[in-house]
Amino acid sequence: VFGGSIVVTQPIDISPEGDFFRLVARTGTITVNQPIAFAANGVLEERNNWLRLEAAGDITLNRAIHALERISINAGRGTATAGTNAASFNWSGLNPVGGITVATTGGIYVTGSSASGRVELITGQNGGNIVLNGSTASSAIIETSRGNGSSIVMHTPTGGITQNSGRIITNLLSIEAANTVTLRTIVDRITTLTIEAQVIPAAVAKTIVGVQMTGTGSLNILELNALVVENVNTASGNVTITTETEEGNIDVGNIDATSGDIFLTANGGIFDLDPADDSVLNLVTTGNAWLLANRGIGAAGMGDIDTALGGLAATNSLSGDIYIEEVDALVIVGPVTTLDGDGLISIVVISGNYTANAGVTAHGSGTVTIAVQNGSAFLNADTLSTSGAISIDVVNGSITMADGTRVATGAASIALAATGNVLVSRIENGEADVTVTAGAGASTVGAIIDNTADELPNI
């Protein structure tokens, strides 16, 4: 339709032999008030393989639309001028503003047996949001076949994505948006996906690497099960990812929030997606990372969580340990603690100072190991284990315990060593040895100094 809008007022079953079924409103909007390819008689083959909706303005789905293999929805393509690519409809119009809304009575469903079912949602270059309204908290609002290659990709260059209820269900997910994205998902992996040039439309295809937030928006994902996160990047917004079920691990490739905070909450554990490659930092921001897990944060050796953070807080509640390796200076801004399972804590700072402004506490016999490889350690809060050993080792720097802070355990050794000075507040050990070494290693300079104002015992 060149002049005006398209309104679907009657149910449509489609069984054309062509490559796709396409509705194009070149100067207006598309509103779907009745199902498209619902196949009321139950014959799925009456659905076309590829359903395409394209409009100069908004696209609103008040009823469900269906296809066997692929659905592409492109809103905000702008008002076309007469004769522009009339034969192919591959036009890019003036004032490209328009969004996509799925009502509680609508939905987007790819239902064929193909493992590579695909849904693509694209909004205007100059404006337009994606709004998804599920009928219930658990209803599928967008769903593809769950094969290993099925995917949903959303591209909203100047807008955001809001999901008020329901779930989007697929294997692979990729998003580019400027403003805040809030999603409820049953998705296996955030990964790199490509939209064909003819669908954008553009001269070349559009490749989106995981989730890319190009404006100031934040990312919020509530995932029912486990989630693999290959790449997430925000310009300044926060990243919040939560898994709900007990098996809900978060496996992290790279999350870079620039200056925003990172909030990861896993009902399972938080782990390095590729432990064999420490060249890829898992968490990057000049802000803070707030990590909550039930079954471990990182793993021993190459499996630690590799970071470049402004600050860190981490709690593991049930089983497993906490392993962090920071490439620069690290500030503990909130508790780092294991609450059960004799979980140990290991923090390595490769180059820079370690500053603990909040407590570090290991449960039971869990050990605490802090290694600062090129910097100093400033302990402005307690470092504790119920009965596990504690080791704080500093190279090319000193250890300073603020007056009133403790390093304490009930029944294992405590060792503090620095190539420089060690300034002591209070070290407490119920049954085992305490070793304090200043001028450790090849250093010939270093003193052990009382750093308290009173005359209470330091050790």
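Is phenylalanine 20 buried, partly exposed or exposed? At 30% relative accessibility, phenylalanine 20 counts as partly exposed; buried means under 20%, exposed over 50%, and partly exposed in between (1.4 Å probe, protein chains only).

This is a predicted model, in which local features need pLDDT of at least 70, side-chain atom pairs count only at pLDDT 80 or more, and totals for chains, interfaces and linings use all residues. Residues are numbered from 1 along each chain as its sequence is written, and side-chain values use heavy atoms, without hydrogens or water.

**View 1. Phenylalanine 20 and tryptophan 50 form an edge-to-face pair.** Rings of Phe, Tyr and Trp (its six-membered ring) pair if their centres lie within 6.5 Å; planes under 30 degrees apart are stacked, over 60 edge-to-face, the rest tilted. By this rule there are two aromatic pairs. Here the centres are 5.4 Å apart and the planes stand at 75 degrees, so the pair is edge-to-face. Phenylalanine 20 lies in the loop between strand E1 (6-8) and strand E2 (21-25), and tryptophan 50 in strand E4 (residues 50-55), so the pair ties together parts 30 residues apart in sequence. Strands are DSSP runs of E, at least two residues, numbered from the N terminus. Tryptophan 50 is buried, at 10% relative accessible area.

**View 2. Phenylalanine 263 and tryptophan 290 form a stacked pair.** Their centres are 6.4 Å apart, with 10 degrees between the planes. Phenylalanine 263 sits in strand E24 (residues 262-266) and tryptophan 290 in strand E26 (residues 283-293), 27 residues apart. Phenylalanine 263 is partly exposed at 27%. Tryptophan 290 is partly exposed at 29%.

Conventions:
Helix = DSSP H or I, 4+ residues; strand = E, 2+ residues; numbered from the N terminus.
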